[in-house]
Amino acid sequence: MTIVMRLNDEGMTQKLCLRETRSYLCIVVITIVFMKDMTDKKMDEFWVVGINYKKSDASIRGKFAINSDQYANIMQLAPQYGISEFFILSTCNRTEIYGFSQCPKLLMSMICSQTEGDIDTFTKLAYSKIGLEAIDHLFSVSAGLDSQILGDFEILGQIKASVKFSKENGFIGAYMERIMNSVMQSSKAIKTRTALSNGTISVAFAAVQYIKEHTSNISDKKILLVGTGKIGRNTCKNMVDYLGTTNITLINRTEEKAAELAKELNLNYAPLTELNEQIQASDIIILATNAQDPIICTSQMIGASDKLIIDLSVPCNVEAGVKDLPNINFIGVDELSKIKDETLQKRKAEVPKALEIIREHVNEFMEWHRMRKNVPILKEAKSKLIQLNSVFSGCNSGHVTVYNNDSEEKIQKVINTLAIKMRAQATVGCYFIEAINEFIA
């Protein structure tokens with residue numbers, strides 16, 4: 001830059017511009033550093049809070065299960081808690097809420113406003129994770145690494161459904177969507193590059209395995225399956241494939257769904273109005289519904305024939321007293337999850353591979369996060385350099401020459417250099433000062 005110093009009025013003007021420039025630079029650096037702090041906001045406010053099978057049994061988890069109606073009610077309440085992005089994962093293993101919030105207690109209060117269980121119980125049993133730790137947790141859950149039955153791939157479909165529901169109602173933003181895209185890519189890679197989900201171990205299959213090992217003359221037994229959602233459907237297909245029986249009757253709240261599956265597998269179905277009669281007539285009863293209240297009551301089972309009841313539902317669909325009756329053999333999801341076999345041992349050997357894949361995808365997401373948060377800083381830096389150029393140009397009264405090359409090209413070159421340095425390290429203020437010096441030079 002060529003500067004021509006002049007005396008009297010022109011000299012006075014030049015000194016004033018330099019003094020203004022120094023003040024301007026201080027303001028600019030403070031602004032850029034402040035913007036960096038602001039761009040970390042998304043990561044610093046991303047939380048997961050929840051309870052799972054590790055610290056609570058199925059009866060407790062059932063009190064915090066969230067059905068679709070409760071989910072919709074929570075969406076109505078979210079603005080009151082200052083929460084604009086979230087989704088809820090409620091399965092037989094866990095109830096978790098992922099979202100952006102100033103503190104985890106807001107998420108806890110919001111979800112417990114709709115549950116049977118109270119917030120004090122939830123708080124005692126809950127875990128909370130923030131930022132990168134929360135993201136790592138989501139990746140592990142999606143891969144089945146945090147499931148009661150290791151590698152249970154059904155969890156991914158449940159996460160997809162929850163995110164879809166939140167997105168349809170406007171509670172998934174661009175940042176959350178990017179997280180979920182990375183999670184889905186990671187889970188897909190684990191499915192194709194490892195044997196973590198190979199074999200036939202899931203809650204649905206564990207139920208069938210239990211029946212096979214503890215029941216003789218299965219073909220003579222009358223089986224009732226209540227609930228033909230994803231878990232019920234999978235359980236039904238496993239019974240047909242591995243038990244070799246079609247002596248199965250299906251009941252579902254929406255009768256058409258039961259009829260459709262029955263036709264596909266050559267089974268029987270009955271309307272919901274015949275539920276009690278079917279319960280009394282059956283030897284084996286499998287429950288896989290979203291009902292909030294017990295379907296099988298103690299009074300129904302007193303004096304009934306011997307029955308095996310397998311409850312895959314959370315909350316539990318069987319009244320507590322039923323479990324103590326001498327004619328009833330009751331098995332719940334927690335008992336089924338303890339089943340061990342050769343497939344499970346093989347899956348454990350695949351865990352290190354799965355963790356490495358997760359690490360790759362988390363690192364890719366964090367690289368995107370770092371570059372994303374630099375974009376507004378770089379835009380602001382470019383804007384400030386253009387303004388700085390105007391400050392110098394304003395001093396160009398008389399015959400002061402400010403610089404002698406194309407300013408737009410020079411500014412872009414400086415910004416490109418700044419971007420490279422910011423990608424390598426995060427000392428934004430120092431690098432911006434360097435950018436200013438490079439621009440002035």
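**Exercise 1.** How many bridges join strand 5 to strand 6?

*Solution.* Start with the ground rules. This is a predicted model, where local features need pLDDT of at least 70 and side-chain atom pairs count only at pLDDT 80 or more, while totals for chains, interfaces and linings use all residues. Residues are numbered from 1 along each chain as its sequence is written, and side-chain values use heavy atoms, with hydrogens and water left out.

Step 1. Locate the strands: strand 5 covers residues 223–226, and strand 6 covers residues 248–251. Strands (E, at least two residues) and helices (H or I, at least four) are DSSP runs, numbered from the N terminus.

Step 2. Count: 4 bridges join the two, and they run parallel. Two strands pair if DSSP finds at least two bridges between them. Val226 has Ile251 as its bridge partner.

Step 3. The chain leaves strand 5, passes through helix 11 (residues 230–243) and reaches strand 6 in a right-handed β-α-β crossover. Right-handed means that, with the strands pointing away from the viewer, the path from the first strand over the helix to the second runs clockwise.

**Exercise 2.** Which way do the side chains of strand 6 point, and are they buried or exposed?

*Solution.* Step 1. In a regular strand, side chains alternate between the two faces of the sheet.

Step 1. Apply this to strand 6. Ile248 and Leu250 point one way; Thr249 and Ile251 point the other way. All are buried (under 20% relative accessible area; exposed is over 50%, partly exposed in between; 1.4 Å probe, protein chains only).

Step 2. Move to the next strand. Strand 6 is joined to strand 7 (residues 268–269) by 2 bridges, in parallel. Leu250 stands opposite Tyr269.

**Exercise 3.** What is the strand order of the open sheet, and which strands stand at the edges?

Step 1. Write the order: 6 strands, 7-6-5-8-9-10, with parallel pairing.

Step 2. Read off the edges. Strand 7 and strand 10 (328–332) each have a single partner strand, so one side of each lacks a neighbour in the sheet.
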